[in-house]
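Me: I'm new to this one. Can you put it on screen and walk me through it?

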Amino acid sequence: MALEFKKLRGNRIYISLPKKEESKLIVDENTKDALNKELLTKMSKLTVYAVGDIVTDILPGDVVLVDPSKLAQGTIIPLSDKRDVLMVSPFDIIHIW
């Protein structure tokens, strides 16, 4: 899989955001971010997109359970026009499915 970046450094994990249906409503960016975070709190199985160079026990493609309280605090990173990921810490991963 070709990544949109050369290397993810440190103790970080990128989680693929789940697909969501396009809304016919037009909302501002703050509302859009709030809706995205609300959607993430409902997700119990998320796929790892990439891991930092010092993460050893979690691999890209692993399906994980992320601490729901950390999902709302996670940072959404736009990697390209078509892909956004959520950045979390390995310590936020509760288990690997």
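Reply: One term to begin with: contact, or touching, means heavy atoms within 4.5 Å. This is a predicted model, where local features need pLDDT of at least 70, side-chain atom pairs count only at pLDDT 80 or more, and totals for chains, interfaces and linings use all residues. Residues are numbered from 1 along each chain as its sequence is written, and side-chain values use heavy atoms, with hydrogens and water left out.

Me: OK. What does Ser16 touch, not counting residues up to four places away in sequence?
Reply: Ser16 touches Leu46, Thr47, Tyr49 and Arg83.

Me: And is Ser16 buried or exposed?
Reply: Ser16 is buried, with a relative accessible area of 18%. Buried means under 20% relative accessible area, exposed over 50%, and partly exposed in between, using a 1.4 Å probe and protein chains only.

Me: Where is the place of Ser16?
Reply: Ser16 is in strand S1. Strands (E, at least two residues) and helices (H or I, at least four) are DSSP runs, numbered from the N terminus.

Me: Which residue is the bridge partner of Ser16 in S5?
Reply: That partner is Val85. S1 and S5 run antiparallel, and four bridges join them. Two strands pair if DSSP finds at least two bridges between them.

Me: Zoom out. How many helices and strands does the chain have?
Reply: Two helices and six strands. Starting at the N terminus, the elements run β-α-β-β-α-β-β-β.

Me: What order do the strands of the open sheet have?
Reply: The order is S4-S5-S1-S2-S3-S6, six strands with antiparallel pairing. S4 and S6 (93-96) are the edge strands, and each pairs on one side only. From one strand to the next, the twist averages 45°. For that angle, axes are lines fitted to C-alpha atoms, for helices over the stretch in contact, and angles run from 0 to 180 degrees between N-to-C directions.

Me: Now the inside. Which residues touch the most other members of the largest nonpolar core?
Reply: Ile13, Ile15, Val48, Ile58, Val66, Val88 and Ile93, out of 13 residues in that core. S1 (13-16), S2 (46-51), S3 (63-66) and S5 (84-88) each supply at least two residues of the core. S2 gives the largest share, three residues. A nonpolar core is a set of buried Ala, Val, Leu, Ile, Met, Phe, Trp, Tyr and Cys residues joined through side-chain atoms within 4.5 Å.

Me: Where does Leu79 lie?
Reply: In the loop between S4 and S5. Leaving aside neighbours within four places, Leu79 is in contact with Glu4, Phe5, Tyr14, Tyr49, Asp84 and Val85.

Me: Switching to charges. How many salt bridges are there in the whole structure?
Reply: Two. A salt bridge is a side-chain nitrogen of Lys or Arg within 4 Å of a carboxyl oxygen of Asp or Glu. Glu4 pairs with Arg83, the closest N and O atoms being 3.3 Å apart. Glu4 lies in the segment before S1 and Arg83 in the loop between S4 (75-78) and S5, so the pair ties together parts that are 79 residues apart in sequence.

Me: Which residue forms a salt bridge with Lys7?
Reply: Asp53, with the closest N and O atoms 3.7 Å apart. Lys7 is in the segment before S1 and Asp53 in the loop between S2 and S3, 46 residues apart. Lys7 is exposed at 52% relative accessible area, while Asp53 is partly exposed at 37%.

Me: Last one. Where is the place of Asp28?
Reply: Asp28 is in the loop between S1 and helix H1 (29-41). The side chain of Asp28 reaches the backbone nitrogen of Asn30 at 3.2 Å. A polar atom of that side chain also lies 2.7 Å from the backbone nitrogen of Thr31.

Technical notes
A polar contact is a pair of N or O atoms within 3.5 Å; within protein, one must be able to donate a hydrogen and the other to accept it, and residues adjacent in sequence count only if both atoms are side-chain atoms.
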